[in-house]
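Me: I would like to learn how to read strands and salt bridges in a model. Please take one feature at a time.

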Amino acid sequence: MATAELAGKHLVLGMTGGIACYKIAELTRLLVKAGATVQVVMTEAATQFITPVTMQALSGRPVYTSQWDARVPNNMAHIDLSREADAIVIAPASTDFLAKLAHGVADDLLTTLCVARECPLLVVPAMNRQMWANPATQRNVAQLRADGVETLGPDSGPQACGEVGDGRMLEPEAVYEAIASFFAPQVLAGRRVLLTAGPTFEPIDPVRGITNRSSGKMGFALARAAQQAGADVHLVAGPVALDTPWGVFREDVQTAQQMHDAVMRAVPDYDIFIAVAAVADWRVDHASDHKIKKTADHRLPSFTFVENPDILAAVARLPHPPFCVGFAAESGDLDVHGEEKRARKNVPLLIGNLGPLTFGRDDNEVVLFEASGHTKLPRADKQALASTLIAEIAKRLPDTSLIS
Ligand code: C5P
């Protein structure tokens, strides 16, 4: 999950005392892998849960635990460490630490660093459900939000203490995604994006069907990039083996007709529609409700096909359509077919790729077709390409002030 937004970013990762400290080992690995510099600072309590040696090995940098650290020449670790940072992330953030932050207490290195900071502060709470629900904690969190501190989570579910409820820390992947979103340019802030992704599955009988080789990777990457760019995202997905991007609302469907119905139900609430799905053009008329058996005389089954609805064209035909973006996977002559398809579907933007070369791959090379001409984008990893495409879509949107 390479994220361009995190490459070269300098993060101070502050750890406070809580069992969720073990999850920070994985978070650190994800951040370092994405190209961020991670400077770990631990409170005394955090060192009771995981050692500074582990965190040093994972971050590749010495860990700071004390205000009185002789390694800092001017003895001002609280100033030096925060000045280099693009953001401070406190994970896990304990009840006690949130209370101190809300009151501006500066009695150890990490609290002092937060008070002395000039950069954004993100906190990732992790605590028992009653500690989270406690009115004092809720007051402190409300105060922190009012002070401009970003809160990530908490999650709900089983807790280390054996209880179930709100307060558990977000999983490391979710924290990672939220940090990446924080740094992504918010080009779709306030926008609502509906997408289709993946193949469809058209049944022949209860065990067989017609599908295609779309993996859903490009559509899921776009859903994730749109979410990171600040949009509310609704993803209508055909059958794929992919995790839902963090913060994205996902609706699973099987057939083209189900995808069409889901899109048509949702579309009035959205201002951008991106049709990435490889929708089957035909379905078998009257799929059998029992498994079709081989016959003793080797008679072959025959099927009648009917055309599926064209979802993109149907959305583009609405009286007040959202900004529509189509995709086209072609096996050749992309320049000719791309523009022809864009005009036929009556959409302002169509993204063409050489389908058979891209299905299932992690990278892609695309051409943007629009009325004024076409633009080729360089081959890139699908996630990086998705961020570029979201920026390209954002540039072409009608003025926000026109959107209700
Ligand atoms: O399959 P085709 O090349 O026509 O696909 C072009 C675009 O139309 C894609 O964006 C695809 O998601 C969309 N489409 C659709 N419903 C269909 C067929 C295609 O929304 N039945």
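This is a predicted model: local features need pLDDT of at least 70, side-chain atom pairs count only at pLDDT 80 or more; totals for chains, interfaces and linings use all residues.

Reply: Residues are numbered from 1 along each chain as its sequence is written, and side-chain values use heavy atoms, with hydrogens and water left out.

Me: How many residues of strand β1 are buried?

Reply: Buried means under 20% relative accessible area, exposed over 50%, and partly exposed in between (1.4 Å probe, protein chains only). Strands are DSSP runs of E of at least two residues, and helices are runs of H or I of at least four, numbered from the N terminus. In β1 (residues 10-15), six of the six residues are buried, so the strand is largely enclosed by the rest of the structure. His10, Val12 and Gly14 point one way and Leu11, Leu13 and Met15 the other.

Me: Which strands are joined to β1?

Reply: Two strands pair if DSSP finds at least two bridges between them. Six bridges join β1 to the parallel strand β2 (residues 37-42), and four join β1 to β3 (residues 87-93), also parallel. Leu13 has Val40 in β2 as its bridge partner, while Gly14 stands opposite Ile90 in β3.

Me: What forms a salt bridge with Lys23?

Reply: A salt bridge is a side-chain nitrogen of Lys or Arg within 4 Å of a carboxyl oxygen of Asp or Glu. Lys23 pairs with Glu171, the closest N and O atoms being 3.2 Å apart. The two residues are 148 residues apart in the chain. Lys23 counts as buried at 9% relative accessibility, and Glu171 as partly exposed at 30%.
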